[in-house]
Amino acid sequence: MEILYKSTRGKEKVRASEAIINGLASDGGLYIPTIIPKIDLSYDELIKFDYRELAMYILKKYLTDFSEEEISYCVNNAYNDKFEREEIAPLVKKGDEYYLELYHGRTLAFKDMALSILPYLMKVACKKLNIKDEIVILTATSGDTGKAALEGFAGIPGFRIIVFYPENGVSHIQKLQMVTQKEENTLVFGIKGNFDDAQSGVKEIFEDKNFNESLKEEGYILSSANSINIGRLIPQIIYYVYSYISMIKKGYISKGQEINVSVPTGNFGNILAGFYAKSMGIPINKLICASNENNVLWEFFNDGSYNKNRDFKVTVSPSMDILVSSNLERLLYNISDEKTVKNMMEDLKRKGEYTLSESMISSLKDFYSSFATDKETYEAVKKMYEKNLYLMDTHTAVAYKAYKDYSETTKDEKKTIIVSTASPFKFNKDICKGLGIDEEIEDFRLIEKLSAYTGVEIPISLKILESSPVVHKLSCSKSEMRESIKKYLRV
Ligand SMILES: *Cc1c(COP(=O)(O)O)cnc(C)c1O
């Protein structure tokens, strides 16, 4: 059965390979699969799969214009020794909670789960579509996507990657990771503004037909590595299925038993993949959408209205400092139709807000939402460490807090997986602050101190970082993004 990808805002329908290369539909909508395929193997069969085999099984269902060999090529190049753990996505039990650790890739955040495979999916898609132009990946980042995309595309022939990050909105380690990327085909810019400025700037460039045509004449095609690209969303479904079968394998649940998942959420990509896993048949009861103080999503799930007209806050979970959650558009389509989505997105652009109808609100029952303030985030880090000697990062701590709110309000005792999205070392200053370790020392010394204090080993990629030279020193404003791109491509 062939699965096509259609726009959330119109009738456009394309094959998987085209959706992956286009990034965004031509009407500005996001691509979504026309059908969500069902899992058609028993748990006994699923349990036998390792991560790569499961990835093959899931991806084959969605990428119906890719051959088995092509998918196998992508999977084997992505999920290998780039990850510091054999299981790729280990599930660990600490106290009464279950953590799905998605940060053992090279850049120490869950973005590696999808961005280690996206370049290969794109490479295969280009070949299929007979594209000879060079692909230029434009990426806006709140800190983690940028490095994961750089690492994914670095040195791959036929691709260039340009990353824009908010100059004052990322952690020092995140910034260092990006500006030390050395391959010739990479370029990194600091943006004078916040993540939403970077993201809307990139989106406007994608929608600028003249700009795209002028680049095309020079042999360049723009594409996206942000989670608006369906090629990022689909690989994220794999680890939800994997975590569920890990729960069975480890004897924590019986086959078919319902669980909840709590997801630290920003652009709504990660949790949406969880929603797709549920739609495929994984028995997930509630998807807990955890926000930080930029709690637009919390308001959305509790009031049925989305309002981005508020102050942008820089928090201790910076990868979630977002006021416009792009992937929510895909969920909106799921509970309405393309015309409604188009109108709501126009309202969002014009007035900065939109409101759901009663019937749409009643379709959101799969979700629960709560948020954590910075203070609560620090407390969660400390509490978890003191209680279970488990070190979690600030983003994961937000998900922990939201889960606690959920279990207190609902008294639901179903086992819950907390999606752990980053290594605590990546946000070492705030983790130390939470734990009460003096954080006023240089980053790398602090990392050593944190490791000595907790006994948690420093990831290899961080050890290398200290001695890596800075190669990217450019910055620009949102209005200068087009010029900066042109200059780099010499057009
Ligand atoms: C990107 C990111 C998030 C948010 O994920 P979305 O898919 O944007 O909702 C949460 N935590 C970390 C560490 C991240 O890098």
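Which residue has a backbone N or O atom 3.0 Å from an oxygen atom of the ligand? Colleagues, that residue is Phe268.

This is a predicted model, in which local features need pLDDT of at least 70, side-chain atom pairs count only at pLDDT 80 or more, and totals for chains, interfaces and linings use all residues. Residues are numbered from 1 along each chain as its sequence is written, and side-chain values use heavy atoms, with hydrogens and water left out.

Let me continue with the ligand. A backbone N or O atom of Gly269 lies 3.2 Å from a ligand oxygen atom, and the side chain of Asp144 places an N or O atom 2.5 Å from an oxygen of the ligand. The protein buries 98% of the 390 Å² that the ligand exposes when taken alone (accessible areas by the Shrake-Rupley method with a 1.4 Å probe).

The ligand is surrounded by 15 residues, the closest being Lys111, Asp144, Gly266, Asn267 and Asn270 (near means a heavy atom within 4 Å). This shell comprises five nonpolar, eight polar and two charged residues; Gly is counted as polar, and Asp, Glu, Lys and Arg as charged.

I turn now to the record. UniProt, in an unreviewed entry, places "domain: Tryptophan synthase beta chain-like PALP" at residues 101–420; such annotations may be inferred rather than shown by experiment. That span is 48% helix and 18% strand, and its end C-alpha atoms lie 5 Å apart (helices are DSSP runs of H or I, at least four residues; strands are runs of E, at least two).

Key: A polar contact is a pair of N or O atoms within 3.5 Å; within protein, one must be able to donate a hydrogen and the other to accept it, and residues adjacent in sequence count only if both atoms are side-chain atoms.
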